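Trainee: I have a protein model open and would like to learn how to read it. Could you take me through it step by step?

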Amino acid sequence: MSQEASTSFLFLCFFLSRGLLSHGDPDSRQDLHPLLQKVAEEIIDGSYLHAFLDLIQFQSSHEWTAELAPSVLAYLHARNVAFTVTSLQAAMENHLQQRLYQPHKLLADLREADAQQFSTALKCLLGDKKDRWELEGVMVDLGEIRKQALQSPGMNRSLFLLTLERCFQVLSSLECVELLGVVLRGSSGSLLQPDTTARLPLVLREDAFKNLSAVFRDLYDHMPARSQKALYSWMTGVLRVPPNATDDSVSWVSAEKLWILGRYVVHLSLEEIMNISPMEIGLFISYDNATKQLDTVYDITPEVAWAFLERIRASGFDMRNTSTIYRLGLLVCFSPELEPPDAAVARAILHQMIKCHRLQGFQASVQKLKAHLLDIATENQTLNETLGSLSDAVVGLSPDQLEALSPEAVQAAISTLSQVSGWARSQVVILAAKYLAHEKVPSFHNASQMGALLAGVSTDSLCTMERRDLTQLLRSPSSLHLSPTQRQAVLSKAREAGDMPSGIVEVKGALFKEVSLFDLWTESGFNSTVLRDKELRTSQALFLCELLSKSPRRPEELLSVGQLVKGVTCFHLDAMSLDSFLTHFRYFENNFSLLSPYQVNCLAWKYWDVSRSSMPPFLLAALPARYLAALPASQCVSFLVSLGKRQLDSLVFNVQKKNSVIAKVQQCLRNFIADEYDVDILGNLLCHLPAPLLRLGVAPRAWAAAVQGLRDCRALGPEQGAVVKSRLLEQWGHPQNWTAETTKDLATFLVFFSGEELRTLAAKFPDILEQTAFKMARSLPPQEFLCAVFESVRNSSEKSPSSDPGCRGVTAPSSDAIFRLAEANACWAPEELLCMEGGVFTRNVELLGAVRGFRRAQLLALKEKAVQAWDLPTHWKEHHIISLGRISLALNESELEQLDLSSIDTVTSLSWQTEWTPRQAETILQGFLEDSGYSIQALKSFHLVGLGGTLCAMNIAEISQINISEFRMVVARIGTLCCSPQVLAEFKRKAEVVFGTPAQWSGSVLQELGTMAAGLTKEDLRSLDKGLMPYFQPSAIKCLPDEIFRALTADQIASLGPENAAAVTPSQRAQLSLVQLQSLQRALDGAKTHSWLDSPPSASTAWTPSSRSAPGAPLTLGLGLGCPLLVLWPKLAW
């Protein structure tokens, strides 16, 4: 809506200025239409938005003629209002600027609008008014205004409240419901708080109610649990029988009402479900869309599901009938609670249970049910006979069961097995070997049938494929299932077969990222079209962008090509004219997540230099802090809105600078967040506000909206978390008094609660706490939180006595507990792990091997369980080793020597672990060389990829023996390793053979080398042009020895770029001189180091500019690019 205000301002100024210039002194009012008289009066009163709405209304029903503008001015003069263009502009600017980013003031304006104005505003938002209209050469784009209004922070909130307050009095209920749908979908349901749902009308036409209910169903997942409950209450309040009904024994719940409720049926009480008449539940299940509806009840609880199942059974449906089972949707995940099925029914239920992973919780119960049904389905038949009919329950088969399968059974069931998700890596290896057991050489046909199982095919087998099959695999989506080692093997063999480099152009998607920079050098067939579907490394994008820009072309030909924007340099930007840059800035904005911090810094400087008056405010954060500090208070809101839509961590890497940005934010806020509109404006900045402001500076009116925003923060700090917890306890009381809905809504913040408080919640809502821990597994929650989950799960899990006399009184892990605990398995004591049953260990070894929090004592205990289950390491098979995960870190050098490491795939699985000691890594490396029979000189490129971090265990002599033609294909992969300085220096010498001396390197080469660039000598560093410094990878900066880093000149350090400067370690910083430290601070601050004017652009960067609009085109009033910083600023003094 801010743009609507801006547009109305521009339009009225334009309209009146034409009248002033053409008719300087009209002498009478003449006959002015009443609506235009009203417009003039509103201009006099300063009600410019009302004037704009009346003008839209007039234009929609009258033809605009040339004499109307001077007639309005005559009217103004007759009222002794002597407007000049300048004074009118100043008055309107002052009024409209207040509403530019302050939608609560717009709310007040529209509350004061008359019915016709309000109706016009709403119809504009609904699209009932013509999207574009022209008035004396001025094009007003209402469609663009509407689009931006609905995307503006806080605007949806104002429109939502206005619609509830006034819409139903001036428009039809259907129109108001349509508008509510537009507004709510634009806000992703965040406006539907419990207090706002209370304002929903209780009397609606039936069709309007159904339409609004459909909106609420669509937004169910995007709203808090308390809002879901409140909306359920509103819907049922409308749906219940009329008050004059007297028969309380008749349930108000009918088949149609169940359909209207949609996902909200999960909130029906057990009593209400059990009172539904058999006829109505029968009708409901008979609906064609019943299955679709029940497929979406992701948050249903077992108790509610069982109640529904009981009523369905009572209605006469045969629960053993395949048709009925199909109609049950997610209820099928709880179905055998009713009656035990036979084998055929069990298979039918399993087939439908493939959708049960969508449930929000209760997955352990689902897995247990699948295992039970699996036993029934195979009761009188072998697994070989039933394999293809068991759906995704096959994921629960143990390695022993999979090994017992016949190759013929796997081949017959491949269509089912290939579509199943959730396979463990070891299972994939076993099944792939079974499927290809009778194939000496895999074919593309085989590979295309395997789906996710393709990752289990041995790399050596892939290398035996025929040339034609390899080429087809390169072009096929099936290649996405391959591991990095397998992908490199396929590329390597295709290259040897003679299909490279001509085949590079046809390599698809993510596989293209494995293509070496050296291969790109030798390919001449690239154009913008063939790159559209490819993922690119930064080094590839830098090279390709430079290559393609050598021939004159329009910027959009490159900027619109997939990920090629990663390769745009500062010099490319400088080559763009003002018009061209502003026209094409949208390509950078739309692909902002692909840009490096250095590119963002270049964009900011380019914008500042050529068009600071229209610079998107968030880019100020990429410039030195003084630029942001000078931001006038009048522009604070536009700055907060713009920056709040971005992730600050991707813009600012230096803590000191980030603190200065947040200080500016606080200054703009005046250290106070007054209401929910301030929260809307802040957006993602809310996550960075300091604890004192969260404690004292967030008003109670703003707190509810702030809590909803804070829920989405990636990681709040301890101090922030402590404040949030304190305020939540003040608001909601002790957790013992919380409801289930409150607990769900505040689940994100539970990591800040004490063990005692968490135990209270665990006692009341164990499932919610368990689901919360599962969602947080990737972020590694605090130990106290994990242990609270651990205690809750362990106390509620099935316990089976151990057969080991030494384990009496010890609670050993069960399969159920291990599955439910996830990362909380780290709380098992070593002695408890040692008492685990052998079958439990073998079924859950991969889950245990993925736990990041296990300490060495726990890993040693689990290694001992592996020895008990599989004998000594010398007897372990490939799938055993692959399944260990972090448990393998407990193997000592002697045990590692016993492993069969002849397969590069086995070694690949070990190299994924990053915590090996140098001795362990060396043992793995030598084990592969000895067991495989390869010498260092014979290693292929895919071997080098598979060896991964163990390459760091090579000595200088061994590195020098690596075949250079193989090495150059995987430089980027090796460049991800942070080895010792001596090893990196030797790899760097190897790279010089491929890319020449450091003085010859380009930015793409430096980016390709990664950490190998940390092997540069002092002399090498000094030979590098300062313009190359931003193309070091941050990991390379971290790996540079302190004494080598110190050799960088002050200019080079200043040119590092923000991200590389932030990667400098404390020990490196300690070695720097005062001048160097000053240069480092400049780089951290985003100071300008490139000098575009000193370096005239070369032909390679000469992009052909394109004009923003055709000559003579009418002026269009709508949104410009981005979020203009200085739309209303007269001048800058910076």
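Mentor: Happy to! Let us begin with contacts: two residues are in contact when they have heavy atoms within 4.5 Å. Here, among contacts between residues at least 6 apart in sequence, 73% join residues at least 24 apart. Please keep in mind that this is a predicted model, where local features need pLDDT of at least 70 and side-chain atom pairs count only at pLDDT 80 or more, while totals for chains, interfaces and linings use all residues. Residues are numbered from 1 along each chain as its sequence is written, and side-chain values use heavy atoms, with hydrogens and water left out.

Trainee: How many helices and strands does the chain have?

Mentor: Both are DSSP runs numbered from the N terminus: helices are H or I with at least four residues, strands are E with at least two. This chain has 69 helices and three strands.

Trainee: What share of the residues is buried?

Mentor: A residue is buried under 20% relative accessible area, exposed over 50%, and partly exposed in between, using a 1.4 Å probe and protein chains only. Of the 1134 residues in the chain, 57% are buried. The areas come from the Shrake-Rupley method with a 1.4 Å probe, and for residues, only the protein chains shown count as cover. The accessible surface of the chain is about 46300 Å², and carbon and sulfur atoms account for 51% of that.

Trainee: Which residues of helix α38 are buried?

Mentor: Find residues 636-644, which form α38; eight of its nine residues are buried. They are C636, S638, F639, L640, V641, S642, L643 and G644. Their cover includes the helices α37 (625-629), α39 (648-651), α40 (655-669) and α41 (676-682).

Trainee: How many salt bridges does the structure hold?

Mentor: The general idea is that side chains of opposite charge can pair when their charged atoms come close. In a salt bridge, a side-chain nitrogen of Lys or Arg lies within 4 Å of a carboxyl oxygen of Asp or Glu. The structure holds 43 of them. Take R263 and D221, whose closest N and O atoms are 2.7 Å apart. This pair links distant parts of the chain, 42 residues apart: R263 sits in the loop between α14 (255-261) and α15 (270-274), and D221 in the loop between α12 (206-218) and α13 (225-239).

Trainee: Are R263 and D221 buried or partly exposed?

Mentor: One of each! R263 has 6% relative accessibility, so it counts as buried. D221 counts as partly exposed because its relative accessibility is 45%.

Trainee: Which residue forms a salt bridge with R646?

Mentor: That is E589, with the closest N and O atoms 3.5 Å apart. R646 lies in the loop between α38 and α39, while E589 belongs to helix α35 (residues 578-590), 57 residues apart. Both R646 and E589 are buried. Another pair to look up is K863 and E895, with 3.0 Å from N to O. K863 is in helix α52 (residues 856-870) and E895 in helix α54, so this bridge ties together parts 32 residues apart in sequence. K863 and E895 are both buried. Salt bridges can also form a network, as with K38, E42, D54 and D114.

Trainee: Which residues does T811 touch?

Mentor: Leaving out residues up to four places away in sequence, T811 touches R794, W828 and E832. T811 is in the loop between α48 (783-796) and α49 (815-821). Its relative accessible area is 26%, so T811 is partly exposed. Now compare sequence with space: T811 and E831 are 20 residues apart in sequence and 9.3 Å apart from C-alpha to C-alpha.
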